[in-house]
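Hello,

Here is the structure I promised to pass on. Please have a look at it first, and then read my notes below.

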Amino acid sequence: MTGTTKVRRVGNAKPPTRASKLLQNRWAGIAGLLIALLAPFVNASGYALSVMTSAAIFVMLAAGLNIVVGYCGLLDLGYVAFFAVGAYTSGVLSTRLDLPLLVTVPAVIVVTVIAGIIIGAPTLRLRSDYLAIVTLGFGEIIRITANNLDVTGGPSGIYGIPHLTDSPVVFYYVTVVIVSLAVLGAARLGRSRLGRAWRFVREDEDAAEAMGVHTYRVKLAAYIAGAVWGGLAGVLFAAQLSAISPTSFTFLQSALVLMAVVLGGMGSIPGVVIGAVVISVLPEILRDLADYRFFIFGVLLIAVMILRPQGLWPARSKEVS
């Protein structure tokens with residue numbers, strides 16, 4: 001029939017419901033930002049601000065890993081390496097050269113890009129389980145290296161890192177603004193031409209390469225972008241604690257960030273934000289249960305993944321004509 005257009009639905013063949021359209025509304029993101037901005041008016045104690053700031057930093061980590069895992073489909077089990085590189089770069093420069101943390105940000109970006117190239121260039125030719133094992137090894141190499149170098153303080157780490165501000169409330173709001181911009185940037189990348197190439201690689205790398213996509217460069221771009229997000233989160237982490245050590249950058253941290261991405265919904269920015277908040281805040285809510293809190297935390301995660309395997313807020317299918 002002439003004058004008609006065939007529409008092909010990619011991914012889930014079910015049409016979007018009214019609820020899903022509502023959740024996709026841009027006002028949902030604004031509502032989430034308003035909740036974060038108004039949270040200190042509900043509870044502005046030192047403990048609450050610390051938990052909320054840590055949750056915001058964790059959201060930035062999850063947004064960065066979502067670029068690698070959710071958009072491009074690269075299973076990275078050593079993402080904490082970039083978190084450590086960013087934190088240690090800013091910590092060394094600020095303590096050894098007496099530089100403000102903001103001045104160290106350009107150096108952090110450069111170093112994390114170099115780290116992304118060094119780690120990603122030889123590993124991204126691998127796929128699936130092999131890639132996961134190699135990235136896990138690189139994550140441990142970064143931690144062990146920091147544990148044995150004098151410039152990083154060895155096992156004792158680095159202390160006396162300057163704060164961005166002396167006020168916990170102001171620092172929380174600064175963190176929320178930075179993380180919001182990072183999340184928005186990740187969302188824009190996902191909708192860009194490069195983001196579409198990432199999705200093609202995730203769905204079928206061989207088909208993408210046959211259609212002219214330079215899959216190796218596309219994957220390396222995703223890895224570098226994720227590295228920058230992780231490095232900047234490391235700067236915020238160093239500024240919050242004013243002290244870092246190798247024990248802060250273990251495999252468990254990488255596993256928790258990956259868990260947030262999977263729990264929220266891989267490739268979905270709103271889902272990743274919700275997943276990161278749940279993973280970072282839920283153990284604190286269960287703190288009164290003492291030794292049982294991690295057991296209950298694990299049971300709840302298993303229940304969610306069984307009842308909703310696609311994630312709390314999955315990425316919606318796209319239609320192309």
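Predicted model: local features only at pLDDT ≥ 70, side-chain atom pairs only at ≥ 80, totals over all residues.

Residues are numbered from 1 along each chain as its sequence is written, and side-chain values use heavy atoms, with hydrogens and water left out.

Serine 90 belongs to helix 4; helices (H or I, at least four residues) and strands (E, at least two) are DSSP runs, numbered from the N terminus. With a relative accessible area of 0%, serine 90 is buried (buried means under 20% relative accessible area, exposed over 50%, partly exposed in between, with a 1.4 Å probe and protein chains only). Not counting residues up to four places away in sequence, serine 90 touches Leu101, Thr104, Val108, Val235 and Ala238, where contact means heavy atoms within 4.5 Å. Valine 235 is 145 residues from serine 90 along the chain, yet their C-alpha atoms are separated by 6.1 Å.

Helix 4 as a whole is largely enclosed by the rest of the structure, because 14 of its 17 residues are buried. From first C-alpha to last, helix 4 reaches 24 Å, close to the 24 Å expected at 1.5 Å a residue (the expected span is 1.5 Å times one less than the number of residues).

Aspartate 98 counts as exposed because its relative accessibility is 65%. Serine 242, in the loop between helix 10 and strand 3 (243-244), also has a positive phi, near 60°.

**Helix 5 against helix 10**

Two packed helices are described by the angle between their axes and the distance between the axes. How do helix 5 and helix 10 cross? The axes of helix 5 and helix 10 (residues 215-241) come within 8 Å and cross at roughly 145°; axes are lines fitted to C-alpha atoms, for helices over the stretch in contact, and angles run from 0 to 180 degrees between N-to-C directions. The crossing of the two is right-handed, a term used when the near helix is turned clockwise from the far one by less than a right angle, left-handed being anticlockwise. Residues of helix 5 that meet helix 10 include Val108, Thr112 and Gly116, and their partners in helix 10 include Ala227, Val228 and Gly231. This contact involves 17 nonpolar, 4 polar and no charged residues (Ala, Val, Leu, Ile, Met, Phe, Trp, Tyr, Cys and Pro count as nonpolar, Asp, Glu, Lys and Arg as charged, and the others, Gly among them, as polar).

Threonine 112, in helix 5 (residues 101-123), is buried, with a relative accessible area of 1%. A polar atom of its side chain lies 2.8 Å from the backbone oxygen of valine 108. Apart from neighbours within four places in sequence, threonine 112 is in contact with Phe82, Val85, Gly86, Ala227, Val228 and Gly231.

Alanine 222 is also in helix 10 and counts as buried at 0% relative accessibility. Beyond four places in sequence, alanine 222 is in contact with Ile67, Val68, Cys72 and Trp198.

**Helix 7**

The end C-alpha atoms of helix 7 (residues 168-191) are 35 Å apart, which agrees with the 34 Å that its 24 residues should span. Among its buried residues are Phe171, Val179 and Gly190. Threonine 175 is another residue of helix 7, buried at 0% relative accessibility, and touches Thr53, Ala56, Ile57 and Leu236 when residues up to four places away are not counted.

**The whole protein**

There are 13 helices and 4 strands, and 42% of the 321 residues count as buried. Of the contacts with a separation of 6 or more, 77% come from residues 24 or more positions apart.

Best wishes

Key
Polar contact = N/O pair within 3.5 Å; in protein donor to acceptor, adjacent residues only side chain to side chain.
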